[in-house]
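The following note sets out, point by point, what may be read from the model shown below. Please keep the sequence and the structure at hand while reading.

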Amino acid sequence: MINFDTAKSRVENEYKNKMKTLKYWKKIYNQMKKYKEKDLKEFTMEFKHDIYDVVIPDNESKIETYAKDLGYEIVDEKLGSNLSVYTFRLKQE
């Protein structure tokens with residue numbers, strides 16, 4: 001027998017997790033955008049993470065894509081067990 005309440009609960013949880021992820025990455029992009037608007041040539045951002053996080057906060061591919069979109073490149077990265085630190089620099093034209 002199909003349990004629709006269980007299926008509904010599972011779908012709702014998936015939706016909540018996807019929305020958390022979307023909001024997190026929007027926040028990261030907006031922070032980078034603020035640095036760009038301040039005309040910073042170089043800045044550093046920290047990404048805390050835990051194995052139990054719903055959102056994977058240290059997705060280097062996304063971080064690099066967002067930086068590139070704003071004209072920055074990753075020039076240094078320090079990866080730790082609970083914290084990753086990236087340094088970005090404005091690309092030379």
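1. A salt bridge is here a side-chain nitrogen of Lys or Arg within 4 Å of a carboxyl oxygen of Asp or Glu. By that criterion the structure holds three salt bridges. The model is a predicted one, in which local features need pLDDT of at least 70 and side-chain atom pairs count only at pLDDT 80 or more, while totals for chains, interfaces and linings use all residues. Residues are numbered from 1 along each chain as its sequence is written, and side-chain values use heavy atoms, with hydrogens and water left out.

2. Helices (H or I, at least four residues) and strands (E, at least two) are DSSP runs, numbered from the N terminus. As to accessibility, buried means under 20% relative accessible area, exposed over 50%, and partly exposed in between, with a 1.4 Å probe and protein chains only. Glutamate 12 is partly exposed at 39%, whereas lysine 8 is exposed at 52%.

3. Another salt bridge pairs glutamate 42 with arginine 89, whose closest N and O atoms are 2.8 Å apart. This pair links distant parts of the chain, as glutamate 42 is in strand β1 and arginine 89 in strand β3, 47 residues apart. Glutamate 42 is partly exposed, with a relative accessible area of 42%; arginine 89 is likewise partly exposed, at 36%.

4. The side chains of aspartate 76 and lysine 78 also meet in a salt bridge, at 3.2 Å from N to O. Aspartate 76 is partly exposed, with a relative accessible area of 32%, while lysine 78 counts as exposed at 52%.

5. The antiparallel strands β2 and β3 are joined by seven bridges and form a hairpin with three residues between them. Across this pairing, glutamate 77 stands opposite tyrosine 86 in β3, and isoleucine 74 stands opposite phenylalanine 88 in β3.

6. A nonpolar core is a set of buried Ala, Val, Leu, Ile, Met, Phe, Trp, Tyr and Cys residues joined through side-chain atoms within 4.5 Å. The largest such core has 16 residues, and Met32, Met45 and Phe88 have the most contacts inside it. Two or more residues each are given to this core by α1 (4-37), β1 (42-48), α2 (60-69) and β3 (83-90). Its largest share, five residues, comes from α1. In soluble globular proteins, nonpolar side chains tend to be buried together.

7. Not counting residues up to four places away in sequence, methionine 45 touches Ile28, Gln31, Met32, Tyr35, Ser84, Val85, Tyr86 and Phe88.

8. Is threonine 87 buried or exposed? Threonine 87, found in strand β3, counts as buried at 11% relative accessibility. With residues up to four places away in sequence left out, threonine 87 touches Glu42, Phe43, Thr44, Glu73, Ile74, Val75 and Asp76.

9. A last point concerns methionine 19, which lies in helix α1. At 28% relative accessibility, methionine 19 counts as partly exposed. The C-alpha atoms of methionine 19 and valine 55 are separated by 9.6 Å, the two residues being 36 residues apart along the chain.

Definitions and conventions: Contact = heavy atoms within 4.5 Å. Pairing = 2+ DSSP bridges.
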